[in-house]
Amino acid sequence: IESKSGIGYSTAFIGFMGLVIAHRLRGYAIRVGLLVSSATILLSFTMSGHSQLGGFASQALLIIHLICISFWLGALMPFRWMCLQPDPHNLSIVAHRFGILAMGYVALLISAGLAYAYLLLGDITLIVTTQYGNVLLVKIVLVVALLILAAFNKFKLVPTLEPRRTSNVSRFQRSIHLEIFIALLILTASSFLTTSVTLPMAM
């Protein structure tokens, strides 16, 4: 419990418990509780692991990366829920607004992620010559696939969403399911990077 990992896990636990408690609050307090608890969970990622190697710069990049991931992936299940409603009349409006915001978030996510990876590796050639780099490369390919699918949703499917066009809603729902599947693969690759392979500089 006194190790850096233990402190990080304890901080994350406090954050998750804060989320549970915040949902029992009322009015403005619930927003403050959710915000503080979420910030606590994000902070826990900087207390151990690879983010410690690059100092404040890598920790700041990781926080930015995680915030953008939370915004993007956190919207997938709500979109799926909206597709399942008998009258998804707000789906088109919400999806359009999300797409506008997502362009900024995704650009920031990619920039922070690539900068963080470069800061850890130090040499771009290591992405093809080391096990860590190979897993990272798989993750990058999956992210590119997710970006292509997200772009297809924004520019092709979202403009066709109408309350009475259930076939288009079904297509959007299937696309969201595929996004969720790819997102799970990306998170799996991320878990390998942080738990099962060693950074080249640490070998």
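**Aromatic rings, stop by stop**

Start by selecting Y105, which is partly exposed at a relative accessible area of 31%. Here buried means under 20% relative accessible area, exposed over 50%, and partly exposed in between (1.4 Å probe, protein chains only).

A word on the source: this is a predicted model, in which local features need pLDDT of at least 70, side-chain atom pairs count only at pLDDT 80 or more, and totals for chains, interfaces and linings use all residues. Residues are numbered from 1 along each chain as its sequence is written, and side-chain values use heavy atoms, with hydrogens and water left out.

Next, the ring pairs. Rings of Phe, Tyr and Trp (its six-membered ring) pair if their centres lie within 6.5 Å; planes under 30 degrees apart count as stacked, over 60 as edge-to-face, and the rest as tilted. The count under this rule is four aromatic pairs.

Select F71 and F98. They are stacked, 5.1 Å centre to centre, with 20 degrees between the planes. F71 sits in helix α3 (residues 55-73) and F98 in helix α5 (residues 91-121), 27 residues apart. Helices are DSSP runs (H or I, at least four residues), numbered from the N terminus. F71 is partly exposed, at 23%; F98 is buried, at 17%.

F71 is in helix α3 and Y105 in helix α5, so the pair ties together parts 34 residues apart in sequence.

Now widen the selection: ring pairs link F71, F79, F98, Y105 and F172 into a cluster.

Technical notes. Helix = DSSP H or I, 4+ residues; strand = E, 2+ residues; numbered from the N terminus.
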